[in-house]
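Me: I am new to this structure and would like to learn how its features are read. Could you take me through them one at a time?

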Amino acid sequence: MRAPFGARLAESVAARGRLCVGIDPHPGLLDAWGLPQDVSGLERFALTCVEALAGEISVLKPQSAFFEAYGSRGVAVLERVIAESQAAGALVLLDVKRGDIGSTMAAYAAAYLGEGSPLAADAVTLSPFLGFGSLAPAIDEAERTGRGVFVLALTSNKEGASVQRAVGDGKLVAQTVVDEASLRNAGADPMGSVGLVIGATVGETGLDLSKLNGPILAPGVGAQGAGAADLDRVFGPMAHVLPTSSRDVLKHGPDVAALRTAALRARDELAAG
Ligand SMILES: O=C(O)c1cc(=O)[nH]c(=O)n1[C@@H]1O[C@H](COP(=O)(O)O)[C@@H](O)[C@H]1O
């Protein structure tokens with residue numbers, strides 16, 4: 001039986017440092033790497049990332065859409081990315097941003113978090129905007145299988161604020177997401193397995209994160225403009241913040257050594273102060 005995701009993440013970050021690298025095979029990056037825009041190019045791109053990063057970086061985050069764009073053969077590449085990254089010791093956070101009514105959410109949970117599913121990762125990204133409670137089947141399944149979830153709270157894009165900073169029941173919608181996640185994580189040691197996504201670009205969060213007891217994925221560093229100073233400004237000395245960067249690291253490929261060096265440099269620059 002797998003240990004809970006929160007414990008596995010804490011252990012991985014202690015050993016490998018706090019950085020998640022996104023595997024986002026943008027068509028423009030395939031071009032820049034001199035690869036064809038077909039399944040063979042996708043496969044070469046993604047497996048080069050795994051070779052360069054999976055033995056060193058604590059979390060890899062493949063973005064599902066870039067694989068789905070190539071149909072079933074692209075999804076087969078995603079399955080290999082998940083399996084080979086895990087075999088090399090990295091945790092895999094599958095970025096699918098799912099959210100649905102509870103009965104179908106259970107089907108997504110089986111696909112991405114269920115034991116024996118070829119697409120099961122260590123954790124997935126979820127969207128709570130059908131109501132946090134609609135995510136219960138996925139959170140329950142993650143808890144059953146030692147996996148985790150990262151729920152969108154304050155996203156890095158500027159359009160997110162119109163929904164996430166809206167006030168309902170006297171508090172920010174994003175605070176409701178924080179509070180629900182905190183309830184699920186209460187009492188877990190060293191932390192729970194229900195993470196949040198809060199962009200490093202969001203400035204003052206206006207959120208009380210003191211009871212979260214879970215990890216925070218912080219996208220927006222690098223290509224979206226945020227850096228180490230922004231992480232400090234947004235999160236202060238909070239524990240369990242996991243910055244994530246995709247294009248700013250990936251642009252250093254296709255050379256395996258150069259890609260690895262760029263990732264390690266980003267990890268060191270973004271290390272907790
Ligand atoms: O959930 C995410 O990963 C995510 C949430 C968010 O608020 N903002 C955000 O950029 N992301 C993802 O993080 C990655 C950022 O990529 P770069 O901008 O190239 O570093 C993309 O895969 C986004 O989909």
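The dialogue below goes through some features in turn.

Me: What should I know before starting?

Reply: This is a predicted model, in which local features need pLDDT of at least 70 and side-chain atom pairs count only at pLDDT 80 or more, while totals for chains, interfaces and linings use all residues. Residues are numbered from 1 along each chain as its sequence is written.

Me: Is F67 buried or exposed?

Reply: A residue is called buried if 20 or more other C-beta atoms lie within 10 Å of its own, exposed if 12 or fewer, and partly exposed in between, with C-beta atoms placed from the backbone. F67 counts as buried because it has 25 C-beta neighbours inside 10 Å. The residue lies in helix α4, residues 64–68, where helices (H or I, at least four residues) and strands (E, at least two) are DSSP runs numbered from the N terminus.

Me: Which residues is F67 in contact with, leaving aside its neighbours within four places in sequence?

Reply: Two residues are in contact if their C-beta atoms, placed from the backbone, lie within 7 Å. With those neighbours left aside, F67 is in contact with L42, P62, G74, V75, V77 and L78. As for H26, it is 41 residues apart from F67 in sequence and 9.7 Å apart in space, C-alpha to C-alpha.

Me: How many residues does the largest nonpolar core have?

Reply: In soluble globular proteins, nonpolar side chains tend to be buried together. A nonpolar core is a set of buried Ala, Val, Leu, Ile, Met, Phe, Trp, Tyr and Cys residues joined through C-beta atoms within 7 Å. The largest one here has 83 residues, and those with the most contacts inside it are A138, V149, V151, A153 and L196. Helix α3 (residues 39–53) gives the most to this core, with seven residues. Leaving aside neighbours within four places in sequence, the contacts of L196 include V151, A153, V177 and I216.

Me: Which residues of helix α6 are buried?

Reply: In α6, residues 102–113, the buried residues are M105, Y108, A109, Y112 and L113. They are on the same side of α6, because they cover an arc of only 105 degrees around the axis, the arc being that of the directions from the helix axis to the C-beta atoms. Among the elements that cover these buried residues are β3, β4 (123–126) and α7 (136–145).

Me: Which residues come nearest to the ligand?

Reply: A residue is near a molecule if its C-beta atom, placed from the backbone, lies within 6 Å of it. Of the 20 residues around the ligand, T155, S156, P219, S246 and R247 come nearest. Two or more residues of the shell come from each of β3 (91–98), β10 (241–245) and α11 (247–250).

Me: What does the UniProt annotation cover?

Reply: In an unreviewed UniProt entry, the annotation "active site" covers K97; UniProt positions are given in the numbering used here, feature names are shortened, and annotations may be inferred rather than shown by experiment. K97 lies in strand β3 and counts as partly exposed, because it has 17 C-beta neighbours inside 10 Å. Not counting residues up to four places away in sequence, K97 touches T125, L126, S127 and L152. Its phi is near 45 degrees, a positive value in a residue other than glycine.

Me: Where is P190 placed?

Reply: P190 is in the loop between α9 (173–185) and β8 (194–198), and the peptide bond from D189 to P190 is cis, with omega near 5 degrees.
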